[in-house]
Amino acid sequence: MSIVKKPKAISNWYLPGILSGMGFTFKKLIKNLFNPKGMPTLNYPEEHYQYGPRFKGNHVLTVKKDGSLRCTACMLCATNCPADCIKIVASEHEDPTVEKYPISYEIDMLRCVFCGYCEEACPVDAIRMGPEWQTPALNGGNFTYDIQHLAYRPNLKGGIQSRLDDEERHKAGI
Amino acid sequence: MEIKLLSEHYDKPEYRSLEGYKKHDGYRVLAKALKMDPKAIVEEVKASGLRGRGGAGFPTGVKWGFLPDNGEPRYLLCNADEGEPGTFKDRLMMERAPHQLIEGMIISAFAIGSKKSYIYIRGEYDDSIRIVREALKEAYSAGFLGQNILGSGFDHDMDVYVGAGAYICGEETGMISSLEGKKGQPKLKPPFPAVKGYLGKPTIVNNVETLAAVIPVVDKGAQAYRQHGTEKSAGTKLFSVSGNVVKPGTYEVALGYPLMDLINNECGGLKPGRKLKAVIPGGSSAPVLTAEECAQANMDYESLAQLGSMLGSGAVIVIDDSNCMVDLLGVIMHFYHHESCGQCTPCREGTGWLNKIVHSVLSGQGRLQDIDLIVRVSEHMMGRTICALSDAAALPAISFVKKFRDEFEFYVREGRSKVKGAAHVEM
Amino acid sequence: MLKCKINGKEMEVPQGTSIIEAFKLSGQDIAHYCWHPGLSVAGVCRLCMVEIEGQPKLQIACNTMVQDGMVINNNSETVKDVVRWGLDFHLINHPLDCPICDQAGECGLQDQYMQFGKYDPEMAERKVKKRKVVDLGPTVVLDSERCILCSRCVRFTDEVSKTHELGIFNRGDRSEIGTFKDRPLDNKYSLNTVDICPVGALTSKDFRFRQRVWYLKTAESICPGCSTGCNVNVYYNEEGLWRVRPRHNPEVNGHWMCDEGRDTYKYVNRKARLLEAKMGHRDNWTLESPGAAAKAAGQKLREVIEAHGPESVALVLTGQYTTEELETAVQKFKGDLGSSLVYHWVNNPESFEDFDGILLRGDKNPNTKGLLKILEQEGVSLTWKDLESRVQQGQIKTVVVAGPENQSVFPDFVEKVNLLAGVENVVWLTACPHSVLDSREKATWQIPLKTYIEKAGSFINHQGKTQSFEVGTVIVSSALTLAEAATLLVGQELEVSSGDRLAELTRKKNFFTETRGAL
């Protein structure tokens, strides 16, 4: 957004403005030089800020007890996604109690706006947004995350299990 | 006081056979009827005020009058699929006097001009099936069935059809479906069976007792028959009394007979030390009457309707204070859930739902709102379906909850029956 | 005509109209599941309850006929309450597995609950468990839990396909749809049961889990599967077509269509299509854009005519193209090239007149009548034998074939290609590739054509009824229509439509690029 101000006569007198600005800068410079702990900024990447657990960072696909995906490929997340960055291909599962599952689930992270609608749309707690947010990559890095990455990347240590239990639900006749 | 128009000779074992039946004036009325004008018989039955004894109480003569005059073959079906819990009068009639039924049917068939009739007997009635089949053989060999009956020129064939044990086949269109070889499910009305019934032809369906009652009507005339009973409910009726009475059984009394007299005089009253709690006067589908209501009840169609119940098939179930009404409703709901044919959604789902609610109360998991829910679900089942089965399930549910609410609330709060020592039947 | 009043609206309906039909005629909403205009009345869902003035009990609209002077309404609180509860009864044992249910998005339960529902479920008991993923036959899968037992599918197999495979087994809330042992649901119309199923109980094996219906757009078209010309809706997205379903037309197909016709979407999709023109012969093909290839072929055609005269060039047509295309092709061929050798390729002459009594016809071309009409109009009456003898005598140097779009219904495809093996040049216009064409020894041009859904035009069905249709979607944008190909073949240029200039001028401008300028 740009704010355009109409030029006034006083705008031509730029020197006082510059001097007062430089004064503020040097005041802060000297203060931070002698008292570095008071600085509000972090020395990234040496220092990391710890966000709260409800931070909406990179997506995680949750898994069932046996380690398979919870996702039923209902496509509600993809339907709800305002950035249109989720692509799912569904297929028929051999197990009739599972019936439908995704054979491919891809999120284009470069398109994702981290709105969290996918998480909210999910009826089975299969997709969550985790605290992880630093995922830079060099030229040629892959930002289209697939099932392998979303559900089983190494830092998830075998996948995140949802607290919902299908078998219990099934037994309860829900 | 018992008036035995039909059941006079039921106590005599020989009455079952053709010989014995003839000895007691059997088939005499048939001979008389075959000499009459069929239309005169229909008029006589109309005038007698004879009403259907199967449950609905529709005037028989009027029903016969619905047959269209289009020359199509007509069928007479005898509804012997006596499935209503608490009813056992038809069974007694078929086992003690099969020829009475056959004679009544031939007369009725002659009156409506039918050449073929079926007796649809409930599959569980092994004895009845055997006895009626034997009786049919006897009747054929004696010339009461077949070609040119008693030289009158009237031909008639009769067959026994055995049901497979579905309550819903006691409903007339359900019975027709079953007889046609289809799944026993009631059919949409209109068209009514009298216009389009068995195999799409005009069909009359009557109860065993109704058909047998045609004999005294034709024999003594409408006026003589009307002397028994009340103005609108004429004649006598067989009542099957069961439950907590000293002498349960089938009793023939005139319609309009006080309910308490039936219990106290004919049935020997309740067991000593017990108090009357409730009576279901017309089979399990009739709303229950409390002890106070019983005192005003007469056993006829109008009096019971006034009390919010119905005469139904005349199955009086007497309940004394040793019974738990919640448990009893559980049994009734289980029955209707099991017997719903599954066609119409409110009945299919509603009977199952009611059964589950009542049983969750019985298992101690009930919630207070469940009691109201039983009433609400029942109210929305009533009058919404093709046949009356959903009403039959809803009516007792509503009446049980409304009249014995304290027992239901006690069960929900305490998780046990208010009646001490009432056995809980696990379904 | 009978006068009646529906929700206060006066209207006239013909004798013998049921109340629910009158409601549909008046355009007012009425909840229903079991009633279907193409089937008998079952009256089991009990949702279409209406109040009729003068009758104490509510009546079901599907089994009650309109009588003169009837005053009917379904907007009173009583009726609304009944419908709300009726829907709740339907739902108490419904599994609500919409996330994995294929019907979600076009489900009768979802739609009607949104419109008429109670929104306050009171069912707290266990649901009845039934069979899931039941294989009913080669085309259909059943989920008994989702079934609301409306019996539409049972009535369909009893009344329309008359195959009687389905039935309702057991009773009460244990009732289930099922087939008899060793008698799977296997008939030529089985997928209609999926269409009429108001819930996700019956799903098509072909479409199951492939797409969510809300991603699909609909276009109206005519089935090219046979000469019946069933009216259809095709469902497509940017990837292509996903399914074909019947569209109601009482004069042609009623509410139904056959399973064969539903497969016609398959050859339309990119995977099955010829995407670029191929020029050359066996093991030596060059790829070219369709337009350029057609021009090159046209060049060759004119060379042949110059060398051997116009009677050395023949045109073979199939009844798979629109009347307009066929007319242009014949006119261009006769008028501009001067050859009168136009032939009709009849694919299966022995079963051409077959009819199964419902919809399926032996003539597997949508426009045989149209082709015959054009041939008659243009005075062409050559037989196939004539072509055979001319080919054998070597009189014909070049053949242009408007080959079949749907190759699977042309059992003599290979035979016909082999017949033309000796012809020096063959210009084969086709939507789909074929290995036999690729192995031709002599000069061949394979030029991709558009399929029925990608062009506008009309088919004339077996009754002589002209049914026109519009462009639904475009799958292979560079492919030509037969008319365009014929124009290019005779050496003319295509008219370029410049699009709608006015629409472009009045188009809504993008604020960010047009007005605001750079930051």
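Two strands are said to pair if DSSP finds at least two bridges between them. With that term in hand, one may turn to this predicted model and to strand E14 of chain C, which covers residues 277–281. E14(C) runs antiparallel to strand E15, residues 284–288 of chain C, and five bridges join the two. Within this pairing, Gly280(C) has Trp285(C) of E15(C) as its bridge partner. The hairpin formed by E14(C) and E15(C) has two residues between the strands, and in this hairpin Asp283(C) takes a positive phi near 60°.

E14(C) also pairs with strand E20, residues 443–448 of chain C; the two run antiparallel and are joined by three bridges. Here the bridge partner of Gly280(C) is Thr444(C).

Strand E9 comprises residues 176–179, and E8(C) pairs with it in the antiparallel sense over four bridges. Gly167(C) has Gly178(C) of E9(C) as its bridge partner.

How are the residues of E8(C) divided between a covered face and an uncovered one? Leu166(C) and Ile168(C) form the covered face, whereas Gly167(C) and Phe169(C) form the uncovered face. The general rule behind such a pattern is that side chains in a regular strand alternate between the two faces of the sheet.

The view may now widen to the chain as a whole. Chain C has 15 helices and 22 strands, and its C-alpha atoms fill a box of roughly 90 × 70 × 50 Å along the principal axes. Of its 519 residues, 46% count as buried. Among the contacts in chain C between residues at least 6 apart in sequence, 66% join residues at least 24 apart.

The domain assignment divides chain C into domain 1 (2–75), domain 2 (128–270) and domain 3 (274–489). Taken over C-alpha atoms, the centres of domain 1 and domain 3 of chain C are separated by 53 Å.

Finally, there are the other chains. Two pairs of chains are in contact, and of these, chains B and C share the most contacts. Chains A and B are joined by no contact, and their closest C-alpha atoms lie 13 Å apart.

Methods: Residues are numbered from 1 along each chain as its sequence is written. Chains are lettered from A and ligands numbered from 1 in the order in which they are written. This is a predicted model: local features need pLDDT of at least 70, side-chain atom pairs count only at pLDDT 80 or more; totals for chains, interfaces and linings use all residues. A residue is buried if 20 or more other C-beta atoms lie within 10 Å of its own, exposed if 12 or fewer, and partly exposed in between; C-beta atoms are placed from the backbone. Two residues are in contact if their C-beta atoms, placed from the backbone, lie within 7 Å. Domain bounds come from an automatic or database domain assignment.
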